[in-house]
Amino acid sequence: MSKKFTKEEVIQNKKEAIKSLDKMLEYLINDKSMRHLKKAHLVSYWIKDYVKMITFEENFNPTKNIAYKRGNIVKLNFGFNIGAEYGGLHYGIVLDNKNEHNSPVVTVIPLTSMKASKELHPNSVDLGNDIYRLLKIKYDTISKSLKEEQEEIEYELTLFKTLVNLTTQTTDELIRCEQGTEAFDKKLNDAKAYLNASYKLQKMWEEKERHNKEQQEYLDKIGLEFSRMKEGSIALVNQVTTISKIRIFDPRSLKGVLAGISLSKENMEKINQKIKDLYVFQPKS
């Protein structure tokens with residue numbers, strides 16, 4: 001049975017916690033060796049993020065995020081952790097065989113970039129350029145589609161201008177025709193037809209321009225992401241952890257930069273084998 005706390009006890013505990021935190025940060029900041037400035041910065045940064053997440057917790061609805069499947073790549077905030085525990089904003093691989101859409105948590109394996117000067121740890125798996133390659137393919141595919149759409153917009157804009165010119169020309173001719181004659185009626189019908197076609201065409205290329213602009217912004221985000229990404233990735237299998245989906249930075253929707261990016265079957269099989277080696281009991285033969 002959980003202990004009940006009074007409001008006064010909670011206030012006192014809060015004061016002690018703030019005092020303890022302030023004392024630690026002051027020490028880290030004022031240390032003459034200057035070795036702890038980065039740590040003080042990271043701790044302070046994480047506390048601000050942590051407060052935001054706790055504030056958001058009561059209103060968080062996991063079903064507003066996309067459903068996550070095994071092998072999906074996500075970018076998440078692991079936070080400031082203790083000792084050799086992995087922390088910070090990094091990529092991760094979704095490990096769950098089946099993660100319910102309404103589940104508030106998901107299990108992930110953290111990823112780090114490959115360092116040429118450092119040997120691969122026995123508990124890790126080299127994924128090569130898999131993630132970088134997949135994101136680059138996504139970028140190139142959207143870029144090609146955008147270029148084709150831009151060509152369509154230019155063509156439709158040319159047609160629109162042609163229809164406007166025809167409408168103007170027909171209207172000028174209409175003025176010179178005697179009202180009520182067969183020629184007048186024909187010119188009037190032609191002008192209306194050109195005008196209606198112009199409106200429809202205008203709506204079409206305006207809609208395409210809007211979509212094109214949105215896609216260009218999306219493409220820029222993808223480009224920025226993989227420009228920051230190192231080509232080689234390593235899965236830290238011994239750091240597997242279950243996290244709240246509140247921690248996931250991307251993708252939250254189908255418009256997320258990493259939406260649709262999943263590890264290859266070959267690399268997932270490597271991870272499966274490493275998990276078996278590390279965690280599944282194997283009796284001696």
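Predicted model: local features only at pLDDT ≥ 70, side-chain atom pairs only at ≥ 80, totals over all residues.
Trainee: How many salt bridges does the structure hold, and which residue forms one with glutamate 225?

Mentor: A salt bridge is read from the distance between a side-chain nitrogen of Lys or Arg and a carboxyl oxygen of Asp or Glu. The structure holds seven of them, and in one of these glutamate 225 pairs with lysine 75, their closest N and O atoms being 3.0 Å apart. Glutamate 225 lies in helix 4 (residues 182-228) and lysine 75 in strand 1 (residues 73-77), so the pair ties together parts that are 150 residues apart in sequence.

Trainee: Are glutamate 225 and lysine 75 buried or exposed?

Mentor: Burial means under 20% relative accessible area, and glutamate 225 counts as buried because its value is 9%, while lysine 75, at 11%, is buried too.

Trainee: Where do aspartate 140 and lysine 136 lie?

Mentor: Both are in helix 3 (residues 130-176), four residues apart, which is about one turn of the helix, and they form a salt bridge with closest N and O atoms 3.0 Å apart. Aspartate 140 is partly exposed at 36% relative accessible area, and lysine 136 is partly exposed at 29%.

Trainee: Which strands pair with strand 3, and in which sense?

Mentor: Strand 3 (residues 105-113) runs antiparallel to strand 2 (residues 89-94), with three bridges between them, and glycine 92 has proline 110 as its bridge partner. Four bridges link strand 3 to strand 6 (residues 241-244), again antiparallel, where threonine 107 is partnered by threonine 242. Strand 5 (residues 233-236) also pairs with strand 3 in the antiparallel sense, over three bridges, and here threonine 112 stands opposite isoleucine 234. Strand 3 is mostly covered, with seven of its nine residues buried.

Trainee: What is asparagine 267 in contact with, beyond its neighbours within four places in sequence?

Mentor: Asparagine 267, in helix 5 (residues 265-279), is in contact with Asp126, Leu127 and Asp130. A polar atom of the asparagine 267 side chain lies 3.2 Å from the backbone oxygen of leucine 127, and asparagine 267 is buried, with a relative accessible area of 5%.

Technical notes. Residues numbered from 1 in each chain as written. Heavy atoms only, no water. Helix = DSSP H or I, 4+ residues; strand = E, 2+ residues; numbered from the N terminus. Buried < 20%, exposed > 50% of the residue type's maximum accessible area, 1.4 Å probe, protein only. Polar contact = N/O pair within 3.5 Å; in protein donor to acceptor, adjacent residues only side chain to side chain. Contact = heavy atoms within 4.5 Å. Pairing = 2+ DSSP bridges. Salt bridge = Lys/Arg side-chain N within 4 Å of Asp/Glu carboxyl O.
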